Amino acid sequence: METLEFTVQIKANPDKVWKVLWEDETYKKWTSVFCEGSYTVSDWNEGDKIHFMSPNGEGMNSIIEKKIPNEYMAFKHIGEIKDFKEQPLDEETKKWSGAMETYRLIPNGEFTDLVAKVDAGEKFVDYFKDVFPKGLEVVKQLSEEN
């Protein structure tokens, strides 16, 4: 596993960036760079499960490890979802189960620095290096709109 870090400076306050990241409508917009039509199933409470889903019923089941509103969100990825159902851990899944994905918002004058980190297996490193900056650019655009 390799931990990748991506940073973008956004001319908006942390509250607005937080809403763009996690509110349903804008979440779907910025995560469409990863998978068109992606969405979540969650109550968004710390300690709760969250399902990161594609329209075809595949995705990941995870736990909201830590949530500090307008400041920090951490997901621990547990396993795969197929046909809208959590799958038992197999040997391949065990290699990445427990991987973390975090988002930190750091106030910086009239800007907010968004720092995203993701633990990536070897076969996903290049993919994330390509698409994560594109997703964060969408977060920036949506956050800077009036």
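Thr40 is in contact with Tyr27, Ile50, His51 and Phe52, leaving aside its neighbours within four places in sequence. The model is a predicted one. Thr40 belongs to strand β2, which covers residues 39–42. Is Thr40 buried or exposed? Thr40 is buried, because its relative accessible area is 12% and buried means under 20%.

**Helix α1 and its two partners**

Tyr27 leads on to the helices, as this residue of α2 also takes part in the contact with α1. Two packed helices are described by the angle between their axes and the distance between the axes. The table gives both values for each pair.

| Helix pair | Axis angle | Axis distance |
|---|---|---|
| α1 (residues 14–22) and α4 (residues 125–144) | roughly 125° | within 9 Å |
| α1 and α2 (residues 24–31) | about 75° | 5 Å |

Take α1 and α4. Their axes cross at roughly 125°. That makes α1 oblique to α4. The crossing is right-handed. On the α1 side, the contact uses Lys16, Val17, Val20 and Leu21. On the α4 side, Val139, Leu142 and Ser143 meet them. By class, the contact of α1 with α4 has five nonpolar residues, one polar and one charged.

Now take α1 and α2. Their axes lie 5 Å apart, at an angle of about 75°. Why do these helices count as roughly perpendicular? Angles of 65 to 115 degrees fall in that class, so α1 and α2 are roughly perpendicular to each other. From α1, the contact draws on Lys19, Val20, Leu21 and Trp22. From α2 come Asp24, Thr26, Tyr27 and Trp30. These residues divide into five nonpolar, one polar and two charged. Val20 and Leu21 of α1 take part here. Val20 and Leu21 also meet α4.

**Strand β8 and its neighbours**

Strand β8 spans residues 111–120. Seven of its 10 residues are buried, so β8 is largely enclosed by the rest of the structure. Which strands pair with β8? Strand β1 (residues 2–10) is joined to β8 by nine bridges, and the two run antiparallel. Strand β7 (residues 100–108) pairs with β8 over eight bridges, also in the antiparallel sense.

Leu114 links the two pairings. Val8 has Leu114 as its bridge partner in β8. Leu105 stands opposite Leu114 too. The hairpin of β7 and β8 has two residues between the strands. In that hairpin, Gly109 takes a positive phi near 65°.

Glu137 lies in helix α4. The C-alpha atoms of Glu137 and Leu114 are separated by 11 Å, with the two residues 23 apart along the chain. Glu137 is partly exposed, with a relative accessible area of 35%.

**Asn70 in the β4–β5 loop**

Asn70 sits in the loop between β4 (59–68) and β5 (72–82). Which residues does Asn70 touch, not counting those up to four places away in sequence? They are Pro14, Asp15, Trp18 and Leu105. Leu105 is the residue that stands opposite Leu114 in β8. Asn70 counts as partly exposed, at 29% relative accessibility. Trp44 is 26 residues from Asn70 along the chain, and their C-alpha atoms are separated by 13 Å.

Methods: Residues are numbered from 1 along each chain as its sequence is written. This is a predicted model: local features need pLDDT of at least 70, side-chain atom pairs count only at pLDDT 80 or more; totals for chains, interfaces and linings use all residues. Side-chain values use heavy atoms; hydrogens and water are left out. Helices (H or I, at least four residues) and strands (E, at least two) are DSSP runs, numbered from the N terminus. Buried means under 20% relative accessible area, exposed over 50%, partly exposed in between (1.4 Å probe, protein chains only). Contact means heavy atoms within 4.5 Å. Axes are lines fitted to C-alpha atoms, for helices over the stretch in contact, and angles run from 0 to 180 degrees between N-to-C directions. Angles under 35 degrees count as roughly parallel, over 145 as roughly antiparallel, 65 to 115 as roughly perpendicular and the rest as oblique. A crossing is left-handed if the near helix is turned anticlockwise from the far one by less than a right angle, and right-handed if clockwise. Ala, Val, Leu, Ile, Met, Phe, Trp, Tyr, Cys and Pro count as nonpolar, Asp, Glu, Lys and Arg as charged, and the others, Gly among them, as polar. Two strands pair if DSSP finds at least two bridges between them.
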